[in-house]
Amino acid sequence: MTENVHHFDIVVVGGGMAGLIAGVRGAELGKSVVVLEQGVGDRYPCNARYSGGIFHIAYNDVKVPEPRLVEAALEITDHAADPSLINVLARNGKILVDWMTQQGVRFIRGPAEWQNWMLAPPRPIKAGMEWIGRGPDVALRRLGERLGQLDGKLQLGTRATSLIMKDRRCVGVEAECEGKPVSFHAGAVILADGGFQANHELVAKYICARPDRLKMRGAPTGIGTALQWGKRSVPVSHGWTSSTATC
């Protein structure tokens, strides 16, 4: 049905920290953007809301020299991490926190160097779910507001169900909203729907044979949907041609 087909420059799947940052940046660059989030309400569940809200790289301030960050990340992962990805993090970490500050996100300094970029107001550094009104929650709400100010759209209650592929190119996302199918066509699709901590099958395959014995960190919405789509996706292009990125 025509009324259930929408067209944007960018479709982002997932309204957590990565998804909202991607959406805001895209809108800031003049692109038409929609961020699809299956949660509802102002405080929909996502991993970032439950996090400690501290931006660091391998327990180092993101603004220390890049070689130090690369060395620390390789050491802490026993050299199992992809060096090209570590270099991207080391190069862009300082750019990210400065950009977020420009968007109205507030940081404070914690007691340790690796806590120099802590979202304000801080969460207690202890186990528990004391997150409402704390830094990550406030930051996400601010990024959502900023997206709207830039004429981007955060569409809640919308669950992405599959990629739209044409001639081996990703040209959009099929979704479900209020029980009805809806299509979002776009020049670029960004998959940022979190991890797979709530998918016992994937946890058993990649992490632990007994996922039922693990205490889950993160939101129960993280079932690895985009991760599984990503295996069938095409690489990211350098321009705004049809492409899919998995975050």
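Strand β2 (33-36) is covered on both faces. Val33 and Val35 are buried on one side, Val34 and Leu36 on the other. Buried means under 20% relative accessible area, with exposed over 50% and partly exposed in between (1.4 Å probe, protein chains only). Strands (E, at least two residues) and helices (H or I, at least four) are DSSP runs, numbered from the N terminus.

This is a predicted model: local features need pLDDT of at least 70, side-chain atom pairs count only at pLDDT 80 or more, and totals for chains, interfaces and linings use all residues. Residues are numbered from 1 along each chain as its sequence is written, and side-chain values use heavy atoms, without hydrogens and water.

β2 runs parallel to β1, joined by four bridges. Strands pair if DSSP finds at least two bridges between them. Ile10 stands opposite Val33. Between the two strands the chain passes through α1, and this β-α-β crossover is right-handed: with the strands pointing away from the viewer, the path from the first strand over the helix to the second runs clockwise. β2 also runs parallel to β5 (residues 153-155), through three bridges. Here Leu36 stands opposite Gln155.

Now the packing. A nonpolar core is a set of buried Ala, Val, Leu, Ile, Met, Phe, Trp, Tyr and Cys residues joined through side-chain atoms within 4.5 Å. The largest has 36 residues; Met17, Met100, Phe107 and Leu143 touch the most other members. β1, α1, β2, α3, α4 and α5 each supply at least two of its residues. A second, separate core of 17 residues includes Val11, Cys170, Val173 and Ala186.

Beyond its neighbours within four places in sequence, Phe107 is in contact with residues including Phe55, Met100 and Trp117. Contact means heavy atoms within 4.5 Å.
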